[in-house]
Amino acid sequence: MTSTRSLSRRSVLAGAGAAVAAPSIWTSAQAQAGNTIKIGMPLALTGPLGSVGQQQKRGAEFHTKWINDRGGILGRKVELLIEDTVGNPATCVRKAQEMVERHDVRLFTGITLSSEALAIVPKLNEWNSIFISSDNGDGRLTAASLVPNFFRANTSGPMGTRAVSLYLRETTHKKFFALGLDYAWGHNSVQVFEEEIKRMGREFVGKVFAPTGTKDYSTYITRLRQSGADAVYLVLAGDDNNAFIAQAAQYQLASRMALLAEQLELSTMRAVGDACLGMIVSARYAFTIDNPKNKEFVELWKKEYDGLVPDQFEGEQWQCQQVFVAGITKAGSIEADKLRPALEDLTIDDIKGKVHMRKCDHQGVQQGFVVKASKREGFSHPVPEVIATLAADRVTPPCNKMTYDD
Amino acid sequence: MSTLAFLLNQSVNALSQAALLFFLGVGLTLIFGIMRIVNFAHGTLYMLGAFVGYSAVRITGSYWGALVAAPLVVGLLGTAFEFGILRRLYRRDAHAFLMVTFGLALVTGEAVRLIWGSEALQVPAPALLSGVVFLLDEPFPVYRLFLAAAGAVMAFAIWQLLERTRLGLLIRATSQNAEMVHALGTDVNMIRSAVFGIGCGLAALGGVLAAPLVTASHGMAASAVIDAFVIVIIGGMGSFLGSLIGALLVAFVQVFGNYYYPDFALAFMYLLMLLVLVVRPGGLLGKEA
């Protein structure tokens, strides 16, 4: 009895010892986890813009795997924290806050909607976090709403609109109408387009906005037909883009007017098929962009994803991750106070050519591309063919502005 | 475009939208009438219909094949769900159904994502229906005419089923007094299974019919379930005719409201519902206040 008791006492002691030792094990595990570079991505993975969020996710995951295979950044592995926001700004803020408080996230990217991004940026200072946008279009983010910890690596809405407008100067369309999604990005881009058209001395005959998730676009199509315009500029994305283009083709709208758009992803081209043929679109990224880095990227992507080619926001997300890599490497840290100056005036040369993160408003100065939805051998659906490449200094607006002077 | 041409075009268009809404609403209302349960999975089954339709087009090579396959597959799934799960819950209160149909919506939504991926998929209208006709010199898609016709035919068929057939008689009787029907020697559970299956099948038919307009996408589910509820609330819970009137009202108000006041596009349906609820709290043709 006695020996058993002493044994049990010994095991109790051992247990106590383990319990005392445990915190130190826990700390080292923490330190190990803390050694990864965590990037928070509160994405709209579902909802009307779910297809955009899914692309951002794939783009970031592909890049993370690639960089981790090369030893990570500063010898630290990259770890993505991904949550679904359904595209709701309030949910986005809550999920981002959780990432900061529970997982000590100091880097953000991939926030899908501009309305979500506009809700996040006022918090960045309090969170001591850097947010590099990979797709947010709203011009205000680098103008009136600019905060020190926000950077935009992607082509903004005004820049996309500007690229198409510069292209339009070479065409003969006279009267323009605009249809946009009824939220921050749609309004912003339509406004920029209207100003561009007026400055060109051509006629802007009207605009209308549709709520995200609109199923029946027939009344909008009727409005377009009645406007007498010979070209319409569309600022739609995701499900709305699919629905509009499919229905416009059924109404044979393209026989009446040219369809121009700020956005036409490959996923939409696949979903609507030949209905989008001939559309002229500003592309933030296209797999057909002709430069060696892009060719290499497309081949890597095809290998990973069974021969599929990268879509617009997959390419944009890759470029954004490359900005992270260059910035963190230069700063030697992910601390906002060190990373911010490192990102300012940083230049990378990647899949879209040179991107210069200018200091004045944190916008990535980069080339603009105009593409046409065309048939191409080896593809069962239309693909974007680059028809114009526009110089970075013509496409990027003056500092802290979202409109252009010329 | 003349005013007359405009009105004609938009009215026919509203009829085509009403047809889609009717397929959603009538299934929900039939299920409620018989089982006194609100099927939260209705929008998801509508979406499932579109995706099953996509696969059916791929397999059979024909849109017509999809029109048959989608309601059939989803209807059978609905029947199996009633048979396997819902049936065990009839003695419980309404919360149990709420939870379990909501669960069905979540599981089905994720299953669709796993099977078909998360991108929208193309379901083209058949060549026969992909042209335009000219209504007073204005082009109008043949496919939308087809939708309006399909809605009218199905409304008539369901009405005949309910009024003229023995199954219809039993459905109406069960909705009035299930215990009495049971006491008279009819297997009420069989009727419930059948009605749940028919309701789900009708939602799927709506989904596969909507697919050429909006592509088969995950976004279909969320708005569809809200539309279906609004129609049923406007028409009156459990009323067949109510769901038809509700669908027509919502479609016309949305189409014309969207055109004249695009800034309030989202509000019209709810304003209509509010108005109906103020005037008739039980819905236009509903019995329960």
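**Figure 1. Salt bridge between A:Glu316 and A:Lys352 in the predicted model.** The side chains of A:Glu316 and A:Lys352 form a salt bridge with an N to O distance of 2.8 Å; a salt bridge is a side-chain nitrogen of Lys or Arg within 4 Å of a carboxyl oxygen of Asp or Glu. Distant parts of the chain are linked by this pair: A:Glu316 belongs to helix 12 (residues 312-331) of chain A, and A:Lys352 to the loop between strand 11 (346-350) and strand 12 (353-357) of chain A, 36 residues apart. Helices (H or I, at least four residues) and strands (E, at least two) are DSSP runs, numbered from the N terminus. Both A:Glu316 and A:Lys352 are buried, where buried means under 20% relative accessible area, exposed over 50%, and partly exposed in between (1.4 Å probe, protein chains only). The model is predicted, local features need pLDDT of at least 70, side-chain atom pairs count only at pLDDT 80 or more, and totals for chains, interfaces and linings use all residues. Residues are numbered from 1 along each chain as its sequence is written, chains are lettered from A and ligands numbered from 1 in the order in which they are written, and side-chain values use heavy atoms, with hydrogens and water left out.

Figure 2. A:Lys95 and A:Glu83 meet through their side chains in a salt bridge of 3.5 Å, N to O. A:Lys95 is buried at 16% relative accessibility, whereas A:Glu83 is partly exposed at 31%. A second salt bridge joins A:Glu98 to A:Arg94, with the closest N and O atoms 3.9 Å apart. A:Glu98 is partly exposed, at 26% relative accessibility, and A:Arg94 is partly exposed, at 46%.

**Figure 3. Salt-bridge network in chain A.** A:Arg162, A:Arg169, A:Glu196, A:Arg199, A:Arg394 and A:Asp406 are linked by salt bridges into a network. Over all chains, the structure holds 30 salt bridges.

**Figure 4. Aromatic cluster around A:Trp301 and A:Tyr305.** The structure holds 36 aromatic pairs over all chains. The ring centres of A:Trp301 and A:Tyr305 are 4.6 Å apart and the planes meet at 35°, so the pair is tilted. Rings of Phe, Tyr and Trp (its six-membered ring) pair if their centres lie within 6.5 Å; planes under 30 degrees apart count as stacked, over 60 as edge-to-face and the rest as tilted. A:Trp301 is buried, at 2% relative accessible area, while A:Tyr305 is partly exposed, at 22%. Ring pairs connect A:Phe62, A:Trp66, A:Tyr285, A:Phe297, A:Trp301, A:Tyr305 and A:Trp318 into a cluster.

**Figure 5. The second largest pocket.** A pocket is, on a 1 Å grid over the protein atoms alone, an open set of points where a 1.4 Å probe fits, with protein on both sides within 12 Å along at least five of seven lines; lining residues have an atom within 4 Å of a point. Of the 25 lining residues, A:Arg270, A:His381, B:Tyr54, B:Arg58 and B:Leu121 lie nearest the centre of the pocket. Helix 2 of chain B supplies the largest share of the lining, three residues.

Technical notes: Points joined across faces, edges and corners; volume = space filled by probe spheres on them.
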